[in-house]
Amino acid sequence: MSKQTETLFNPKTSEFAEFDAETRRLLRAVVDWFEARGKAVLKQEDRDRIWYSEFLGFVKRERVFATFLTPAAEANGDPNKRWDTARIAMLSKILGFYSMQYWYVWQVTILGLGPIWQSDNAAAKRRAAALLDSGEIFAFGLSEKEHGADVYSTDMVLEPELGGGFTASGGKHYIGNGNQAAMVSVFGRRADKPIIDSSKALESKPTQEDYEGYLFFVADSKHKNYKLRGNVVDSQMYVAAFDLEKYPVAEEDILHRGEEAFHAAMNTVNVGKFNLGFGAVGACEHAYYEAITHAENRILFGHRVTEFPQVQSLMTDSFARLMAMKLYSERAIDYMRSASPEDRRYLLFNAIEKMTVTRQGQRIVEDLADVIAARGFEKDMFFPMAMLGLFGLPRLEGTVHVNMALSLKFMANYMFHPADAGLVALRYLPGAGVAPKSAVRAVSGALSWSSRHLAPRAGAAVPKLRKEIAGASYAPVPTRRDPADDEFLFRQGPSSGLGRIRFSDWRPVFDAFAHVPNVAVFLEQALALQTLLAAAEPTATQQRDVDFLFAIGELFTAVPYAQLILEQAQIDGTSPALLDQIFDIFVRELSKHALTLHAKPAATKAQQTRALDLVRRPIADRARFDAVLAQARAHAGEYEMNP
């Protein structure tokens, strides 16, 4: 693969060489459509809140959504149609590059299709495929104004009819494309079945009988009983509030019943939220072009703005953050596409794609705004669109807190490979939580070394340990840009059992890059986190304290984020200088998060002490910094959208 993760994406020159001919043609057609339209028209229509009917006309003519979003099973023999996460991610990046408004109409169509493609309702799937072919868009009717993410409490109520079927009444809120969607996947509950008490559902899992009244069905936004109430945001995108008033729901409109309806909702979000990171990457790349070009060409006090130390720091860190986002995202594609019932690691990496990549994007646009200041608000700039979009992305498809809570379900199995079993002994050593750092580091290092050397031999004799080690062993995940259909994403199965998912050992890839100074420092921090979790694990009370757990989660999720970055760096041959700058940032941020944990009122004395073990100073290298800064400055003037 080319080193696309060491440079900014330039849509005018990209050949999309990793894809097949038809995919390349369609991606080029999308780029050409935006460049022909030009920035001035795009900006004016954004200001005037003009619905993107001309874009959707282009999508219909070229069958873009139909080709990219129809699974092979519903393609009616068309060899170009498939659900291919790699090319979906690329189109998400292109749309984010030009406008998050246009990205949104694509994104919520993906969400709307999720419950349909997961369903056993063959007629609904055939209908959806035909509607995609005719250029229609879709919507996902889950959220409600009064209940938000509390889907148990839905007020979309279906009354059974004597002759079969139902009539649905109730409202949905914040539903993208709800103004024109040909099929809206709607979540609701039967009036004649019990409603789950959501306050109790958090404490204990409801029974199958509790779930049986819930269902997903499809509605048509053009039906007379579908009442569109308006756009709830002041924007070009249409985020609808709508009511169903005795809307007729036939048996053939039902997609899922009972607990399967909940799994369909969660698994749809698993598929859809992955694209948010790629939208963020695209928007950041366009914003970076504008910022570096402006700063490089602006002379103040006899110097280029890019010569000021504070600007050099902001531009270099932002460039490194952006390359890290790209490295992680490219590797995360491989895990998504290689997922199976036996390998569900994608659920962690997917949550991080949504949560961490989008927040890194928000940080980048904030730092770039400090560089270009007032220029970032001028009407001829893409930048204001990027600022709005990048502040929104972390808060869509589940908030950061929701995705952090999800990520924490994987922490124990990720951080502690079965070969690390000996580290559990720290929990029982007197004073391990408050002993001096050097002493604890020596003990934990010895335990880790012993455990990792003895575990394979012990596994040969102890069947349970042998099974645990085997369960954490996977074949290497290859690069996946092949033109395959990712059909597993629509048969993910139950959304439960996350605590049983095993992970391969994260340490080897860090060891492989130990020659990069700040990777080595970060590995020390990660091992200190492992020690903290073994010697001072969260108490039962802390495990119910979301604020406290968020601080732990910030430390934990930094490790898999770094792991996939290094894995992609191995594939791409990323320069050591760029990696060292990336991990310079990571060392600083992990230290900051460690101080946050140390200062938490709920932290125990042991946790406060061991948290400080993670605080490190990154290794400075001016030559390395200057090399990455030069990479960043070289992009000045490389791209400007057609006027």
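The legends below describe close-up views of a predicted model.

**View 1. Helix 1 against helix 3.** Helix 1 covers residues 21-37 and helix 3 covers residues 53-62; their axes come within 11 Å and cross at roughly 155°. Angles over 145 degrees count as roughly antiparallel, and helix 1 and helix 3 are therefore roughly antiparallel to each other. The crossing in which helix 1 passes helix 3 is right-handed. On the side of helix 1, the contact is made by R25, L26, A29, V30, W33, F34 and R37, and on the side of helix 3 by E54, F55, F58 and E62. Sorted by class, this contact of helix 1 with helix 3 has 7 nonpolar and 4 charged residues, and no polar ones.

**View 2. F55 and the largest nonpolar core.** The largest nonpolar core has 191 residues, and F55 and F510 touch the most other members. Helix 21, residues 546-572, supplies the largest share of this core, with 15 residues. Leaving out residues up to four places away in sequence, F55 touches W33, F34, F65, L95, Y102 and V105. Another core, of 18 residues, lies apart from the largest one; among its members are L158, I175, V249 and I254.

**View 3. Helix 6 against helix 7.** Two packed helices are described by the angle between their axes and the distance between the axes. For helix 6 (residues 100-118) and helix 7 (residues 122-133), the angle is about 145° and the axes are 9 Å apart. Helix 6 and helix 7 form a left-handed crossing. From helix 6, the residues L113, I116 and W117 meet A124, K125, A128, A129 and L132 of helix 7. This contact of helix 6 with helix 7 has 7 nonpolar residues, 1 charged residue and no polar residues.

**View 4. Helix 15 against helix 21.** Helix 15 spans residues 400-408, and its axis comes within 9 Å of the axis of helix 21, crossing at roughly 70°. An angle of 65 to 115 degrees counts as roughly perpendicular, and helix 15 and helix 21 are therefore roughly perpendicular to each other. Their crossing is left-handed. In helix 15, V400, H401, M404, S407 and L408 take part in the contact; in helix 21, V546, L549, F550, I552, G553, E554, F556 and T557 do. By class, the residues of the contact of helix 15 with helix 21 are 8 nonpolar, 4 polar and 1 charged.

**View 5. G141 in strand 1.** Strand 1 runs over residues 138-141 and contains G141. With a relative accessible area of 0%, G141 is buried. Apart from neighbours within four places in sequence, G141 is in contact with K172, I175, V184, S185, V186 and F187. A291 is 150 residues away from G141 along the chain, and the C-alpha atoms of G141 and A291 are separated by 38 Å.

**View 6. Two phenylalanines with positive phi, F16 and F301**. Most residues other than glycine have a negative phi. F16, which is not a glycine, has a positive phi of about 50°. F16 lies in the segment before helix 1. Its relative accessibility is 2%, so F16 counts as buried. F301 also has a positive phi, near 55°. F301 sits in the loop between strand 9 (299-300) and strand 10 (303-304). F301 is exposed, at 81% relative accessible area.

Terms used: Residues are numbered from 1 along each chain as its sequence is written. This is a predicted model: local features need pLDDT of at least 70, side-chain atom pairs count only at pLDDT 80 or more; totals for chains, interfaces and linings use all residues. Side-chain values use heavy atoms; hydrogens and water are left out. Axes are lines fitted to C-alpha atoms, for helices over the stretch in contact, and angles run from 0 to 180 degrees between N-to-C directions. Helices (H or I, at least four residues) and strands (E, at least two) are DSSP runs, numbered from the N terminus. Angles under 35 degrees count as roughly parallel, over 145 as roughly antiparallel, 65 to 115 as roughly perpendicular and the rest as oblique. A crossing is left-handed if the near helix is turned anticlockwise from the far one by less than a right angle, and right-handed if clockwise. Contact means heavy atoms within 4.5 Å. Ala, Val, Leu, Ile, Met, Phe, Trp, Tyr, Cys and Pro count as nonpolar, Asp, Glu, Lys and Arg as charged, and the others, Gly among them, as polar. Buried means under 20% relative accessible area, exposed over 50%, partly exposed in between (1.4 Å probe, protein chains only). A nonpolar core is a set of buried Ala, Val, Leu, Ile, Met, Phe, Trp, Tyr and Cys residues joined through side-chain atoms within 4.5 Å.
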